[in-house]
Amino acid sequence: MNGADRSYVDLSNGLEEVPIMILQDRQPLPKFQYCADNVQGAGCAVDPSEVNLPGCTCQSHSCCGDTCSCLKVHGPAYNRDGSLINISKTDAAYCDPVFECNAVCTCGDACSNRVVQRGVRLKLEVFSTGTRGWGVRTLQPITRGMFVCEYAGEVIGFDEARRRQLAQTPEDNNYIIAVREHSGTGSITETFVDPGMVGNVGRFLNHSCLPNLFMLPVRVHSVIPRLALFAGRDIDAKEELMFDYSGGYRNQPSCEPQSAQRGGDIQASRTPAPQRKACRCGANNCAQFLPLDLSIIN
């Protein structure tokens, strides 16, 4: 903010509770439509904004796992004040489904089971990394287990995801992420989110082979999950925020695909076009190439 040509603007244009800062400098701002939540895209039969999940009838200030219908099956995902996700639930080889209280629930807005739906509450900045394009860093310390942001955008169908990916050139950035949830019955639920043209701050998160964020599908109002990113460890102010595009998390917690026993596993993959692209995350365990999932285009 030194000089007339250096000023910060809110990338979200007021759509987030806390502004998403970006330096309006000599580099042009990215061209896309900001949306705080998922929107219905081509090939998606369900509008993500519609409420199609049942709600609880709790009258308390904050729901309790023993009485709340939203929590009875899977148990509370968050701690008592809703500030942290229960990391122990994600340490196993599977990830329990997370269901938050929704718009038809009778509990209050301050319920501890309402976290992801409240949106970004941390001070984040989109910045130019130089060699890796845009990135996101935090302007404040983040505690392990805190919700950071969603990976939100157009929810599209498989055929549309395939069409878009095949249309890309090696120079294009691909933002499509495919999340596959494996249930204990052997069924697989697929969700495809593309924030390339319509998306939120999550579209700027870079890949790392040693990330500080991990992704979990969280269902709020709709059967379509919201792809929520949580801190996998304590994160310092000014540190870049990154997740593993393949859906894994080194060390812990881990949501890498395993044989489903109960609840469900997730496998996430944000991949480039069919050509392998170099990974520049700089981690000691760097795989040298970005994750590549060919299942959409094969």
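Which residues line the second largest cavity? Leu213, Phe214, Met215, Phe243, Asp244, Gly247 and Gly248 do so, where a cavity is a set of points, on a 1 Å grid over the protein atoms alone, at which a 1.4 Å probe fits but cannot get out, and lining residues have an atom within 4 Å of a point. This is a predicted model, in which local features need pLDDT of at least 70 and side-chain atom pairs count only at pLDDT 80 or more, while totals for chains, interfaces and linings use all residues. Residues are numbered from 1 along each chain as its sequence is written, and side-chain values use heavy atoms, with hydrogens and water left out.

Among the contacts in the chain with a separation of 6 or more, 67% are between residues 24 or more positions apart, a contact being a case of heavy atoms within 4.5 Å.

The strands lead on to the sheets. Strands of a sheet pair through backbone hydrogen bonds, either parallel or antiparallel, and two strands are taken to pair if DSSP finds at least two bridges between them. E5 and E13 pair in the parallel sense over 2 bridges, and here Phe99 stands opposite Arg219 in E13. E13 and E14, in turn, pair in the antiparallel sense over 6 bridges and form a hairpin with 6 residues between them. Strand E8 (residues 147-150) runs antiparallel to E14 and is joined to it by 3 bridges. Ala228 in E14 is the bridge partner of Leu216, and Ala228 also stands opposite Glu150.

Strand E14 (residues 226-231) is mostly covered, with 6 of its 6 residues buried. Arg226, Ala228 and Phe230 point one way from E14, whereas Leu227, Leu229 and Ala231 point the other way, and all are buried.

A further open sheet is formed by 6 strands in the order E1-E2-E6-E7-E15-E12, again with mixed pairing. Strand E1 (7-10) and strand E12 (206-207) stand at its edges with a single partner strand each, so one side of each is left without a neighbour in the sheet. Inside this order, strand E7 (residues 134-138) and strand E15 (residues 240-243) pair in the antiparallel sense over 2 bridges, and Arg137 has Glu240 in E15 as its bridge partner.

Two loop residues can be followed next. Asn113 is placed in the loop between strand E5 (98-99) and strand E6 (124-128), and Asn113 counts as buried because its relative accessibility is 3%. Leaving aside its neighbours within four places in sequence, Asn113 is in contact with Cys70, Leu71, Tyr78, Phe99, Glu100 and Cys101. Gln27, which lies in the loop between strand E2 (20-24) and strand E3 (33-34), counts as partly exposed because its relative accessibility is 36%. With its neighbours within four places in sequence again left aside, Gln27 is in contact with Ser128 and Trp134; Gln27 and Ser128 are 101 residues apart in sequence and 8.7 Å apart in space, C-alpha to C-alpha.

The spaces in the model complete the picture. A search of the whole structure finds 2 cavities of 30 Å³ or more, and about 30 Å³ of space lies in the second largest cavity, a volume being the space filled by probe spheres set on grid points that are joined across faces, edges and corners. Strand E13 (residues 213-219) gives the largest share of the lining of this second largest cavity, 3 residues. The second largest pocket holds about 290 Å³ of space, a pocket being an open set with protein on both sides within 12 Å along at least five of seven lines. This pocket is lined by 15 residues, of which Gln168, Asp172, Asn173, Tyr175 and Gly196 lie nearest its centre, and the largest share of its lining, 3 residues, comes from strand E11 (residues 188-199).

Notes: Helices (H or I, at least four residues) and strands (E, at least two) are DSSP runs, numbered from the N terminus. Buried means under 20% relative accessible area, exposed over 50%, partly exposed in between (1.4 Å probe, protein chains only).
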